[in-house]
Amino acid sequence: MHRHISTDRVRPAVARALLGGKTARLVAYLGLCAAYIQGGLVKLTDFPGAIGEMTHFGLSPAPLFAVLVIALELGASLMILCGWLRWLGALGLAGFTLLATLIALRFWNMPAGPERFMAANSFFEHLGLAAGLLLVAWLDMQQAPAS
C-alpha cells in the first residue's frame, strides 16, 4: 500500500529548515542593507561626488547632508546587521528611503514617456524597500523582551 505524504506538512518543514536559521536571516538583512552599504561606501570614497549629489537635489549645506547620509546609510545598516537597536536602524533607513524617494523620484511631475515610467517603477520599488525595513523594525520590536 502506497502511503501519501501531505505536502502541506512537508513544505513548511523544508522552508523552516532552509529559512529558519540565523544564516538565512543574516542574508536577508544583508540584502535589505546592500544598497545603503554600497551607497554609503561610494559617497565616503567619493566625497566630492556625494556633495554634488546633495547639491543636485537642492540639499544645503551639501557637505553636512553628505556626512549625515553617509553616517545614516552605514551606521543604520550596521545596527541592522549586528542586531544592536535593529528596530531603530530599520526605522531610520525606512524614513530615509521614503524621504529620498519623495525628493528624487517625482514621477508625477514628469512628462509621459520612458523616463517617467522608469521613475515610477523606482518610486514603487523604494516604497517596497521602506515597507520591508518597517517589517524588520516591527519584527524586532515583537521579539524584544518587555521591560
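**Exercise 1.** Glutamate 53 and lysine 43 form a salt bridge, with 3.7 Å between their closest N and O atoms; work out which parts of the chain this pair links.

*Solution.* Start with the term: a salt bridge is a side-chain nitrogen of Lys or Arg within 4 Å of a carboxyl oxygen of Asp or Glu. Next, place the residues: glutamate 53 sits in helix 3 (residues 47–56) and lysine 43 in helix 2 (residues 22–45), 10 residues apart. Helices here are DSSP runs (H or I, at least four residues), numbered from the N terminus.

A word on the model: it is predicted, so local features need pLDDT of at least 70 and side-chain atom pairs count only at pLDDT 80 or more, while totals for chains, interfaces and linings use all residues. Residues are numbered from 1 along each chain as its sequence is written, and side-chain values use heavy atoms, leaving out hydrogens and water.

**Exercise 2.** Find which residues are linked with Lys43 in a network of salt bridges.

*Solution.* Glutamate 73 also forms a salt bridge with lysine 43, at 3.4 Å between the closest N and O atoms. Glutamate 73 belongs to helix 4 (residues 62–82) and lysine 43 to helix 2, so this pair ties together parts 30 residues apart in sequence. The network therefore links Lys43, Glu53 and Glu73.

How values were computed: Helix = DSSP H or I, 4+ residues; strand = E, 2+ residues; numbered from the N terminus.
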